[in-house]
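Biologist: I'd like to learn how to read aromatic rings in a protein model. Can you walk me through it?

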Amino acid sequence: MRDSTKVVIGLGSIWGLYAFAATFFSAFTLGSNDTAPEIFALLLYGLTILPSCILAIWHARLAGFWLLSLTPITAFGAIYQIATHWSGNDQGWSIGKIAWLLFVVALPGLIGLSLLRTVRRR
């Protein structure tokens with residue numbers, strides 16, 4: 001296994017741990033009124049990034065394709081969340097919060113692309 005592949009798997013695993021912890025802590029948010037697409041996207045995001053990066057040790061191409069396909073699914077959940085909770089006088093959403101959300105959505109795709117690039121170089 002190449003060093004670049006190890007770096008991608010390591011960074012993806014660290015982000016997978018962060019996503020799992022965020023999923024765990026968001027499950028205990030009191031008073032939230034989340035919809036089914038939001039919950040599905042959150043669970044899919046939080047529970048599959050770390051296992052995908054572990055799978056990438058043996059099957060990097062499969063893990064890369066999974067992480068790439070995860071991006072549109074979570075993007076749909078994030079856009080649905082923004083659209084359902086956005087209103088002109090809502091103090092909860094700022095441009096910085098939306099930018100962070102879009103970065104979080106794009107990160108698995110970037111990890112998947114990096115995995116596919118390292119596999120192609122072999």
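Modeller: Let's start with Phe-103, which is partly exposed because its relative accessible area is 38%. Buried means under 20%, exposed over 50%, and partly exposed in between, using a 1.4 Å probe and protein chains only. Keep in mind that this is a predicted model, where local features need pLDDT of at least 70, side-chain atom pairs count only at pLDDT 80 or more, and totals for chains, interfaces and linings use all residues. Residues are numbered from 1 along each chain as its sequence is written, and side-chain values use heavy atoms, leaving out hydrogens and water.

Biologist: Is Trp-15 buried or exposed?

Modeller: Trp-15 counts as buried, at 13% relative accessibility. Trp-15 also forms an edge-to-face aromatic pair with Phe-103, at 6.4 Å centre to centre and 75 degrees between the planes.

Biologist: How do I read those two numbers?

Modeller: A pair of aromatic rings is described by the distance of the centres and the angle of the planes. Rings of Phe, Tyr and Trp (its six-membered ring) pair if their centres lie within 6.5 Å; planes under 30 degrees apart are stacked, over 60 edge-to-face, and the rest tilted.

Biologist: Which helices do Trp-15 and Phe-103 lie in?

Modeller: Trp-15 is in helix α1 and Phe-103 in helix α4 (residues 95-121), so their pair ties together parts 88 residues apart in sequence. Helices here are DSSP runs (H or I, at least four residues), numbered from the N terminus.

Biologist: Which residues are in the ring cluster?

Modeller: Ring pairs link Trp-15, Tyr-18, Trp-100 and Phe-103.

Terms used: Helices (H or I, at least four residues) and strands (E, at least two) are DSSP runs, numbered from the N terminus.
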